[in-house]
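Could you walk me through this structure as if I were seeing it for the first time?

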Amino acid sequence: MTKENLQLLGICSFDLATRFMESVNFTYEDLIQLAAFQYSKKQIIQFEFELLKEIKYNLSQEECLNFYDILCLLFDFDLEDYYLGKHLLELALFDPLIYSYSKVNVATSVVYLVMKFNIQKHPDYKKCYQIN
């Protein structure tokens, strides 16, 4: 990755993230305008393809969030606990090393941390061990 490609990386990452996570997507013309007309549609498409190959088409952080949602229902989290854990999980997903662990283990670990942090509400926090 060169310094000159950082803007292209940002535009392509933004495009892939919105295509994967949002219901409204940007056109390539929008992306070209966001990049101040420095890249063509062909360059963006080619770089997105290279980026997808580099990450082995793994756009699955959503699965961790899905497991987390299920576990929150299982352990009857209130909104405070739910959003605390969701925030912790989203922060953890920024670290590329987190993807070396199974998605259910990551989600369970976050649930464990929230329960341990709020031990008064969750004296049965050790039940998380039984999930893994």
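Of the 132 residues in this protein, 32% count as buried, where buried means under 20% relative accessible area, exposed means over 50%, and partly exposed lies in between (1.4 Å probe, protein chains only). What you see is a predicted model, in which local features need pLDDT of at least 70 and side-chain atom pairs count only at pLDDT 80 or more, while totals for chains, interfaces and linings use all residues. Residues are numbered from 1 along each chain as its sequence is written, and side-chain values use heavy atoms, with hydrogens and water left out.

Let us start with the overall plan. The protein has 7 helices and 0 strands; both are DSSP runs numbered from the N terminus, with helices (H or I) of at least four residues and strands (E) of at least two. Along the sequence, the pattern reads α-α-α-α-α-α-α.

How far can each part be trusted? The predictor's confidence in each residue is called pLDDT and runs from 0 to 100. The protein has a mean pLDDT of 83, and 83% of its residues reach 70 or more. Confidence is highest in H5, at 92, and lowest in helix H7 (residues 128–131), at a mean of 58. Where pLDDT is low, the predicted coordinates should not be read in detail.

Now let us look inside. In soluble globular proteins, nonpolar side chains tend to be buried together. A nonpolar core here is a set of buried Ala, Val, Leu, Ile, Met, Phe, Trp, Tyr and Cys residues joined through side-chain atoms within 4.5 Å. The largest one has 17 residues, and those with the most contacts inside it are Tyr 68, Phe 75, Phe 77, Leu 89 and Val 111. H4, H5 and helix H6 (103–117) are the elements that give two or more residues to this core, and H6 gives the most, with 6 residues. A second, separate core has 13 residues, among them Tyr 28, Leu 31, Phe 47 and Leu 51.

Next come the aromatic rings. Rings of Phe, Tyr and Trp (its six-membered ring) pair if their centres lie within 6.5 Å; planes under 30 degrees apart count as stacked, over 60 as edge-to-face and the rest as tilted. The structure holds 3 aromatic pairs. One of them joins Phe 14 and Phe 26 in a tilted arrangement, 5.0 Å centre to centre with 45° between the planes. This pair links distant parts of the chain, since Phe 14 sits in helix H1 and Phe 26 in the loop between H1 and H2, 12 residues apart. Elsewhere, Tyr 68, Tyr 82 and Tyr 83 form one aromatic cluster.

Phe 14 is partly exposed at 35% relative accessible area, and Phe 26 is partly exposed at 33%. Together with Leu 34, they make a nonpolar surface patch of about 260 Å².

Finally, two loops deserve a look. Most residues other than glycine have a negative phi. Ala 36, however, has a positive phi of about 60° although it is not a glycine. Ala 36 lies in the loop between helix H2 (28–34) and helix H3 (41–54) and is partly exposed, with a relative accessible area of 48%. Asp 76 has a positive phi of about 55°, and it is not a glycine either. Asp 76 belongs to the loop between helix H4 (61–74) and helix H5 (79–92), and its relative accessible area of 64% makes it exposed.

Note on methods:
Patch = residues over 30% accessible without salt bridge, like charges linked within 9 Å, V, L, I, M, F, W, Y side chains within 5 Å. Areas by Shrake-Rupley, 256 points an atom, 1.4 Å probe, with all protein chains shown as cover. Salt bridge = Lys/Arg side-chain N within 4 Å of Asp/Glu carboxyl O.
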